[in-house]
Amino acid sequence: MFSELIIREYKPEDLDQILELVRELEAELAERFPEVQLISSIDHYKNRYLVSGNKYKTFVAEIDGKIVGYLMGYPSTGALEVDNMYDIFPSPSWKPKEFFLQITFVSKPYRNRGISRRLHEKVIEYARDQGYEEIYACIAKWNLPEIKVVSSLKFEMKDLGHRYRLTLKLR
Ligand SMILES: CC(C)(COP(=O)(O)OP(=O)(O)OC[C@H]1O[C@@H](n2cnc3c(N)ncnc32)[C@H](O)[C@@H]1OP(=O)(O)O)[C@@H](O)C(=O)NCCC(=O)NCCS
C-alpha cells in the first residue's frame, strides 16, 4: 500500500496523463487479442468520455502527482443497447437505479498493490452518496484480477456464460 496514494475525481488537467494510460491499455489489449484489429478509443476519451458535463464519471489514482490508474462509470438505464449508444442523464422526475462500472485500468508497474480496490471503494461511496440502488460491473471470466477485486468488495456474482455480472446492493 502506498502512503501517498490519492484517489480523487478526474480533473481536466489530468487529460494527457489519462490518454497515456489509455495508450498503455490499448497496447495491452493488442497483445492479449493479437488477431483483433483494435481501433483506438483515444478520440472517444477526448471528445466524449472525459468531457465535463457528460454522463461519464471518472476517478483517478495519483501517486506523487502521477496518474497511475483510473476507473470510469456512468448511470445505467438497465438497457445496455441504450447505455452504449446514448448519454442518459438523471432528471428531477427520473433517476437511474443502477450505476455501471465501465472500465478500470492500473498501469502495470503499480498493479497488485490495492489501487484498483481503492478506486472501487471510492466509486461505491460516490454511488451510495448519489442515491443509486445498486452498482454493477460485467467482467470477462479471463480477467481474474478484476474479478478478485470486485468480488472481494462483496459484490454478488452471477454467471452469464463468458462473463460475470457483479452487483452490489447499496440500499
Ligand atoms: C484489473 C486491474 C485494474 C487490477 O488493478 P490492481 O491495482 O492491480 O488491483 P488490486 O491490486 O486492487 O487487486 C488485484 C488482485 O488480483 C490478484 N491477482 C493478480 N493477478 C491475478 C491472477 N492472475 N489470478 C488471480 N488473482 C490475481 C491480486 O493478488 C490482488 O488480490 P489481493 O489483493 O487479494 O492480493 C489491472 O490488472 C488492470 O488494469 N488490468 C488491465 C485492464 C483491465 O483488465 N481492466 C479491467 C476490465 S475493465
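A residue counts here as buried when its relative accessible area is under 20%, as exposed when that area is over 50%, and as partly exposed in between, with a 1.4 Å probe and protein chains only. By that rule phenylalanine 59 is buried, its relative accessible area being 1%, and tyrosine 126 is buried too, at 17%.

This is a predicted model, in which local features need pLDDT of at least 70 and side-chain atom pairs count only at pLDDT 80 or more, while totals for chains, interfaces and linings use all residues. Residues are numbered from 1 along each chain as its sequence is written, and side-chain values use heavy atoms, with hydrogens and water left out.

Rings of Phe, Tyr and Trp (its six-membered ring) pair if their centres lie within 6.5 Å, and planes under 30 degrees apart count as stacked, over 60 as edge-to-face and the rest as tilted. The count comes to 11 aromatic pairs, including the two in the table.

| Pair | Centre to centre | Between planes | Type |
|---|---|---|---|
| Tyrosine 49 and tyrosine 56 | 4.8 Å | 65° | edge-to-face |
| Phenylalanine 59 and tyrosine 126 | 5.6 Å | 65° | edge-to-face |

Because phenylalanine 59 lies in strand E2 (residues 57–63) and tyrosine 126 in helix H4, their pair ties together parts that are 67 residues apart in sequence; helices (H or I, at least four residues) and strands (E, at least two) are DSSP runs, numbered from the N terminus.
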